[in-house]
Each structure stands twice: as structure tokens, then as C-alpha cells.
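Here is a protein chain to explore step by step. Keep the sequence and the 3D view side by side as you read.

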Amino acid sequence: MTAPAEARERAAQLRAEIEHHNYRYYALDDPEVSDAEYDRLMRELQALEQRFPELVDPRSPTQRVGGAPVAEFGEVEHRMPMLSLENAFTEEEVRAFDRRVRERLAGSKTVDYAAEPKLDGLAVSLTYEAGEFVRGATRGDGTRGEDVSANLRAIRAVPLRLRGEGIPRLLEVRGEVFMPLEGFKRFNAEALARGQKVLINPRNAAAGSLRQLDPRLTAQRPLDIFFYAVGFSEGGSLPHRQHELLQTLRRWGLKTSGEARLVHGVEGCLEYYADIGARRERLAYQIDGVVYKVDDIGAQRRLGFISRAPRWAVAHKFPAQEETTVVRDVEFNVGRTGALTPVAKLEPVFVGGVTVSNATLHNMDEVERKDVRIGDTVVIRRAGDVIPEIVKVVLERRPDNAVQVQLPKRCPICNSAVERLSDQAVARCTGGLFCPAQRKEALRHFASRHAMDIEGLGTKLIDQLVDAAIVRTPADIYGLTVAQLAALERMGEKSAANLVQALERSRRTTLPRFLLALGIPDVGEATAGALAQHFGALEPLLEASAEQIEAVPDIGPIIAASVYRFFHEPHNRQVIEALVDPARGGIHWPAVARVRSSAGPFAGKTFVLTGTLEHMTREEAQELIVSRGGKMSGSVSKKTDYVVAGAEAGSKLKKASDLGVAILDESQFQKMVDSAADS
């Protein structure tokens, strides 16, 4: 279908708006719209490009991530070498650097310096031609780096097109890719919840993320970038001062550090160092020092280079944040998702400005990889407010009586069984409905929209109920009274009565929703639906063996084992029995419709649902598919036949488009169902 003129105009307008908002958000750190409004603009553009493929432009903000994974990175030779900096560790060394600079500049009394934080990330070079991003590379050995252009495109803070005036025809800029501390924590928390390996530290995380052979993986990592220099330019003029150059880069849309300053003389350098050092713990990213550069770029050229470092710049490093200590014991903390995290109890040691007595070991894979034992002498690192971690074991100092760390068989909090599946790094407590460490998360999930859909039972109220020991398991919420709830902070009689009514309404649900609400590890909507359809009722599922569960279509041995262990944990069974107990007005659901026939009109076809449908619930759509012989899946693959996409469809829609899977909107899906009914 040829795109009409109004669609072309709207797509161009949307691209311009999104690019403007990217500039405000990333380069200026001054957004004009909310995240929701930005997402709405992006979804509208995606919908237009999906409807009219001819409108797709490689420079569109929707096309940041594309292309197949590569077998290996190509090599890029830098036009100008990417040099390293000499280090200064003391005030005397900084003063000596300043003295050498002044002497070489014919005895200048004082020198102005451009100062900025020294990020602990990965140095990169980006090339723009006529303002368009064309290539990006890692520093490599300084002369040659790896071509990571596709991965740099996936970082939202990297502008695909520069803005403003005076941009050189050819511009090669240098920057540092890093992972903000908040993004690092969030990514690791989500990885733990999924049973995946965590990232070791922000610096390694940034380097590893940028060197993923599949740019789609890079796009999932919370990476950022600051630009700090121009390596080469052609066909234009640049400012003659370093601090003005940073301001110019920012005007062109290239993000620079908001902590960069122009300082006067060596005293200004040392004052800047002290200021940044005092605020280091509160910065949003890791730094390991500050950098001073002679501000006059003409003077930089006169000063020149020595070996592989410039004479006009130095890195003033902070004191080491690594120390050596002894592991006295290893305990296991239980997180909100049931993940067990080994924590080393250390001989207290002063490092990074504080006394450290605990260090994370992340998971048993890390314990085994680093071969940490009780009694070992270890090197620990503390950076910012990141939890201290063990970097390595000093093997030559290992005592003969060092004890290997063993994963506990029972949860240290609730004594439920601990499981660690063969393909996962994380071990978990299986008492998800009972374990005190998991109470709040289990209740949030239980009450969520796609589970029991209990309106009014939000995070803050759950926190109050658990903290006051009023609710210990999901079964307890159905015994709440208006009087109990009204006595809580910010509730009142009306809100309390509304919640009690919502609880009563939620007692009538569907078996797939109930199974999903239980929070069984690795069981999402599609798997819950498949289990319900296969067993038809709760009782046979509760008594099923792992082999019988594995017989359910699209359920493999790992998920089958997870489901089996969840239902055979006595604590979980007690809560489930309380939830469905008729004597307590328990949760109930209508009989589950079994698959009509393996030869139904949708037989052999696999469907995936994504987004919100307007005229039917997801359960109703799933029932229409399964009752006609079709199969449901929770993920899109080459084996998927149809993706039914509603409003706010996410990554599954894009993956379907990438794989060429047929995509149906709600009206098209309804027509297919009606046609199947008529046949």
C-alpha cells in the first residue's frame, strides 16, 4: 500500500519531534515531555512504519537496532591514535605536571585547565559524515580498534544525526561508554529475578555490553556515553579552547559531562579534585579520578606528545578502592524473588573511605569460578555505593584448612527446599507463597492485573500489611476486614470497603489466572494456560509427576521440574489449600474448556498474544485459540504462525516483524475466528 502524503508528513514530523526530545533528554539533561508522552510518539511512528513499510528510513529513531548478529567484529584503523593518559596519584605529582607545562610554554605564570571526571568505562571513537553517524570503534591498541558501529547505534544517547550549524563535513569524536550505577543495579536485579547471571561491575558491564556480537543484546543494556574530545575533523572549524569545544559538542547533540569545569592554575585543579572527590559517592556513575587538560588547544599542539601520552593532559587518580582481607564465613541472603545470594563475611577492612565487613559473591557460579573458600585471603573492591565485591583470591596465601562454600539445601529463612536448576546460575527458595523474604513480591504478583487483578491492593498497602504482620501469605488477604483496613494509614472507610469488595470479586477467576498468580518460577501466561488446558483442573496438576507435566505441549524438563517442586513444597501446598478452601469462601473458577479436537481449524498453528486487546480479555482470546485446536506460546520464534497484537504491543511485535511472522490485529484475529467457526 502506497503511503499517502499525510502519512509521510506525519512520519517526518514524528522523527523530528523524537530527535528533538532525544537532544533535550540526553545532551541537555532537560526533558520537555514525560516518558509516557515520548513513548506515545515512538509507538505512533512505529505503527506508521509498520503500516507503510516504504516509510522506514535507516536514520529513523525506530531503526537503532537492526541487522543480524555478526560472527566477529571488523577492524578499524584510527585516523589519529587514541592515546592513553599519564597518571598522577599525589598532589606533588599534579604540581610537577603543571610546572612542566608552564616551563614548556615559555614560563607562563598560570595555565587554565579544562577539568572533568575520569569515567571508568570504555573509550570509543565515532565518525560523522555530513552530520550522519557512519562508523564507531573501540580504542583497541590505540591504533586499531574493533568496529562496533551497530552496537553504538543501539545506545540512545548516541545521536544518529547531529544538529545545529558549523558541523564539519567529516568529524571524528571520542567518548567513553559507561553503565550508570542505577541501571547496573536494576539490570542485575532483573537478571536475578530471571535466574540469569549478573554483571560483575559497571566497568566490565559496559565493555562486555558494547562487544556483544548481537546488537539487540546491547540495546537491552542500560548504557550511556559522554563525549570529551575531537580526534579529527575536515571541512569546518572548531573552537580554540577545550571547554568551548565541549559546549560546541553539546550543542551538536553530543552528550558531555555536566561536571566539566574550566579551572585556573594548579590550585584550581586541586580544588576541583577535592570537590569531585567529596561528591564521588553521590555521582550517578563510577569514576576513578579526574582529568586535567590544558584549555588552550593551540598550546596543546605546541606541547605535543611523549611516547603514547599527551604532555598537555594528566589523569589525577583517586586512592585505590581495593584492599586485602580474610573471608571469615559465607552466609546466604534470600531476596524478594527467592534468589539466594552468597555474602562473604570479612575481617573488617577500611577501603574507599568506609569500613567494609561484607562483600557480595553474586551466585554459586561466581563462588565456583573464583574458587572462594572460607579462610581465604581475598582482594575486595568498593566503587561508589555499589556493594563491595570480591575481585580475586590470593591463592598463595590459602590456608590448609580453607573450607569450600556449600549451597544450603534448605532456605535459611523459612526452611523450604532450595533448588538450583542445571541451566541457571541462581539458586532459589521454593517456598514462594510462604517465605517471609518473598512475601511482598509474592503478594504484588498475586494481586497484579494479569493474575488475580485485585484493584486497590497496591505496593504501598502491601508494604503496610506485611510490615504490620497482618498478612503473611496470599491466603491471609481474603480474611481482611473493613475495620482492619480502615485503621491503616491513608485508607479510610470507603477505600477499605472498596478493597474488600475487590477481594470478593477476585474470588471468581480462571484456572490460568490462578496458576499465574501463584508465582511459580518460569510460568508465565502462556505456560499457565497450557497447564490448565492439559490438566483441566487444579487437583490432577497438584498430584502430577514431573514426567506428566513435561508431557504438556511446549513444556520442557526444566520448567516441568520447577512446577513439580513448587507444588510439592509443603509450605506452598498449605497456602494453596487455604486459598481454594470452600469453607473459607475460597477462590474458584468455571470448568476449563478442553481442546475440542487436534483436527480443529487452528490445529498445528502456534499463536502468541501481545499487548492489550480492546474487545476481549487475553483469557478469552486464548480460549478461542485453544478450543479450535491451536497452541499458545509465550515467546516468538520461527515456529510461531501468528502474533495477535493489541495496543502497546512490545518487543514480541518487533521480533515477529523481524522473523516475518504473520501479525494480526484484533479485528483480523476476530475475522479468522469467525471464518473458522463457519468452516
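The paragraphs below go from a sheet to helices, then to charges and cysteines.

This is a predicted model, in which local features need pLDDT of at least 70, side-chain atom pairs count only at pLDDT 80 or more, and totals for chains, interfaces and linings use all residues. Residues are numbered from 1 along each chain as its sequence is written, and side-chain values use heavy atoms, with hydrogens and water left out.

Start with the sheet. Helices (H or I, at least four residues) and strands (E, at least two) are DSSP runs, numbered from the N terminus. Two strands pair if DSSP finds at least two bridges between them. In what order do the strands of the open sheet lie? The order of its four strands is 24-23-25-26, and the pairing is parallel. Strand 24 (631-632) and strand 26 (662-664) are the edge strands, each pairing on one side only.

Now cross the sheet. Strand 24 pairs with strand 23 (residues 606-610) over two bridges, in the parallel sense. Here Thr 606 has Lys 631 of strand 24 as its bridge partner. Strand 23 also pairs with strand 25 (residues 642-645), again parallel, over four bridges. Phe 607 is partnered by Tyr 642 in strand 25. Three bridges then join strand 25 to strand 26, and these two run parallel. Val 644 has its bridge partner, Leu 664, in strand 26. In a regular strand the side chains alternate between the two faces of the sheet.

Helix 22 (residues 618-626) lies across strand 23 and strand 24. Its direction is at about 170 degrees to strand 23. Such angles run from 0 to 180 degrees between N-to-C directions, with axes fitted as lines to C-alpha atoms, for helices over the stretch in contact. Contact means heavy atoms within 4.5 Å.

Next, find helix 6 (residues 202-210), which holds Asn 204. Buried means under 20% relative accessible area, exposed over 50%, and partly exposed in between (1.4 Å probe, protein chains only). The buried residues of helix 6 are Pro 202, Ala 205, Ala 206, Ala 207, Ser 209 and Leu 210. Their cover includes strand 4 (122-129), helix 4 (149-153), strand 7 (170-178), helix 5 (181-193) and helix 7 (215-219). An α-helix has 3.6 residues a turn, so residues three or four places apart point the same way.

Go back to helix 1 (residues 5-27), where His 20 sits. His 20 is partly exposed, at 25% relative accessible area. Leaving aside neighbours within four places in sequence, His 20 touches Glu 32 and Arg 163.

Now turn to charge. A salt bridge is a side-chain nitrogen of Lys or Arg within 4 Å of a carboxyl oxygen of Asp or Glu. How many salt bridges does the whole structure hold? The search finds 36. One of them joins Arg 161 and Glu 132, at 3.1 Å from N to O. Arg 161 lies in the loop between helix 4 and strand 7, and Glu 132 in strand 5 (residues 132-138), so the pair ties together parts that are 29 residues apart in sequence. Arg 161 is partly exposed at 33%, whereas Glu 132 is buried at 18%. Another salt bridge links Glu 489 and Arg 490, with the closest N and O atoms 3.9 Å apart. Glu 489 is exposed at 54%, and Arg 490 is exposed at 72%.

Arg 439 tells another story. This residue is in helix 12 (residues 439-447). Arg 439 is buried yet has no salt bridge. Lys and Arg count as positive and Asp and Glu as negative, while His and the chain ends are not counted. The nearest side chain of opposite charge is Asp 476, 6.9 Å away. Beyond its neighbours within four places in sequence, Arg 439 is in contact with Phe 434, Val 466 and Arg 472.

Finish with the cysteines. A disulfide is a pair of cysteine sulfur atoms within 2.5 Å. The structure holds zero disulfides. For Cys 429, the nearest cysteine sulfur is that of Cys 414, 3.6 Å away. Cys 429 is buried, with a relative accessible area of 6%. Cys 269 also counts as buried, because its relative accessibility is 2%.
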